[in-house]
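Biologist: Can you walk me through this one? I'd like to start with helix packing, then go to the sheet.
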Amino acid sequence: MNMKSPNAKSQPKTAVSSGKKSGNSPENTLKIIPLGGLGEIGKNTMAICYGDDIMLVDAGLAFPTEEMLGVDLVLPDLSFLIENQTKVRGLAITHGHEDHIGGIPFILKEITIPTIYGPALALGLLEGKLREWGLEERTSLCKVRPRQQVKIGCFTVQFIRCTHSIADSFSLIIRTPVGTLIHTGDFKFDFTPVDGELFDIASISAAAEEGILLLMSDSTNTEREGYTPSERTVWRKLNEVFANARQRIVVTTFASNVHRIRQVLQAAMKYDRKVAILGRSMMNLANIARELGYMTFPDGLLLSVDQINQLPPDRVVILTTGSQGEPLSALTRIANDEHKQLKIFPGDTVIISATPIPGNERSVANTINALFLRGADVIYGKEAGVHVSGHACREEQKLMINICRPKFFMPIHGEYRMLVSHTELAAECGVPPENSFIMENGDVLELTADSGGVTGRVKAGVILIDSSRAWQVNEQIIQERRHLAEDGLVTVALTLATQRSKIVALDVSLKGLILPSSLSSEELVTRIKAELSKILLDRTAVSKLNKDDLQSFLQGCLNGFFSSRIRALPFIQVIVHEVAGEEQAKKTKNARPSASIPKSGPS
Ligand SMILES: [Zn+2]
């Protein structure tokens, strides 16, 4: 795959770029460079640089917005890492979510990372991906235990247990030559975690006694007041639903939510139901989590769909992906009665144990509507108590700032307004506003022991991937697809005689173009031909152009014609053929119908 990145959103705006020394950038400053995860939810990737050493914290991917037609995955621009690859000493992973580890195979395609340190569960998930991609040789994986310290170049990184929606999550204490940094990873303060693994607040607190230079803290839920409830609160509601359900129970959640999957399996065991898991990613996670001891269940608990269809409805749980209303997911197909093996029957219970990620609200609502339409009892939404977030709300974010009492503060993992709001909250907790940095991907924060400032930018942007073919998708192509989808396509195939003096043949194809009711497609073709004939009369404009330039010129003219006369802005493609002499022109004329409209006509 070609991973060059011509589609970066922004270019360096100062001399400080690519980690190279600049005039006012002495070697003894620490540089913090977010490559992804700021101004957005997803693709969390952070570079920390000092002298000739670079370490990375996480390397995630994001999922596309609705306008990114045909794109499945979004990655950060990798130019900075490729340019500085000899300095990359290692990567520390905070936890196994895709927005923290999903980008690693793509980075390893481009550069070698000597060692990747991380929790066993995250590495278990990563190992499978690296095998699939044939990338095992490009790095070595090193599992870390809580409180373990590792050296990555000149940095000492300590892994501190934190609580989040996936088991085995860490915050990081990073000791640098300039001072100590805290990177929270994704976190919430869950004081009654279902796996009993408590947030190691004592270790963060001990580091704070030494003094924290910079706190980088998760901003995802900064718009929510109060505290995120404990994962354990979901158990009560699940119990209630399982106790009352008389037929099949279908549960959907994020494929990576180990705690939730574990609780659903426990509820199934308690109420003597068997479980079929639909969705490769969820099955994969359940197997790895079981293998590594993050959940335990007997061999006979999981059945195939065929086996589960043989059981009475009150013995069945279906655990499935599709909590975001993804069109191809099992739940969406079941809801729309398009699944080959499973149907929803009146009286079935469906639990949506997730909230829609912003942008997915409509598709989730469509799925819920379709499930109700089939007679299911659907349990969903904030009030239902079947989902809690994995991220800290404002009171917990304040607690983190209070424990760390950092000199400098940098909100991470969030859209821009969330970063602003989190910074205001830090100010309330005593971090002077001038010591907080609202950064964008690519910004370079330089720190010394007593000063800090954003001093420049490195190249940052996005790489768009069509994962079904593992191809990179150019942003211009996405724009073209959007243009085609919104405004339709006009293709004009034009055959010109040698001197470009007259049109020998003209084919016009209209696709997806909406015309005013007063204008027929035949009339439009006649007007296009008249317009082109008029343009070609201007010898000085067309005679000296080469063929490509002539095509572009005619496209531009037709753009003007459509926008001013037809009030439409279709995607216009002009293909010019030129014939050598009159004789050949006659032949072509006989072969090609003049000003014809294709049989399909406008659509
Ligand atoms: Zn996470």
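Modeller: This is a predicted model. Helix H12 (residues 394-404) and helix H13 (residues 416-428) pack with their axes 10 Å apart, at an angle of about 55°.

Biologist: What is the hand of the crossing of H12 and H13?

Modeller: H12 passes H13 in a right-handed crossing.

Biologist: Which residues in H12 and H13 meet?

Modeller: From H12, Arg394, Gln397, Lys398 and Ile401; they meet His422, Leu425 and Ala426 in H13. By type, the residues of this contact of H12 with H13 are three nonpolar, two polar and two charged.

Biologist: On to the sheet. What order do the eight strands have?

Modeller: The order is E7-E6-E5-E3-E2-E1-E19-E20, in an open sheet with mixed pairing.

Biologist: Which strands stand at the edges?

Modeller: Strand E7 (140-143) and strand E20 (452-457). Each has a single partner strand, so one side of each lacks a neighbour in the sheet.

Biologist: And the twist, from one strand to the next?

Modeller: The twist averages 25°.

Biologist: How do E19 and E20 run, parallel or antiparallel?

Modeller: Antiparallel, with five bridges joining strand E19 (residues 443-447) to E20. Val444 stands opposite Gly456 in E20.

Biologist: Which strands does helix H4 touch?

Modeller: Helix H4 (residues 120-133) packs on the sheet and touches strand E6 (115-118) and E7. The direction of H4 makes about 155° with that of E7.

How values were computed: Residues numbered from 1 in each chain as written. Predicted model: local features only at pLDDT ≥ 70, side-chain atom pairs only at ≥ 80, totals over all residues. Pairing = 2+ DSSP bridges. Helix = DSSP H or I, 4+ residues; strand = E, 2+ residues; numbered from the N terminus. Axes fitted to C-alpha atoms, helices over the stretch in contact; angles between N-to-C directions. Contact = placed C-beta atoms within 7 Å. Left-handed = near helix turned anticlockwise from the far one by under 90°. Nonpolar A, V, L, I, M, F, W, Y, C, P; charged D, E, K, R; others polar.
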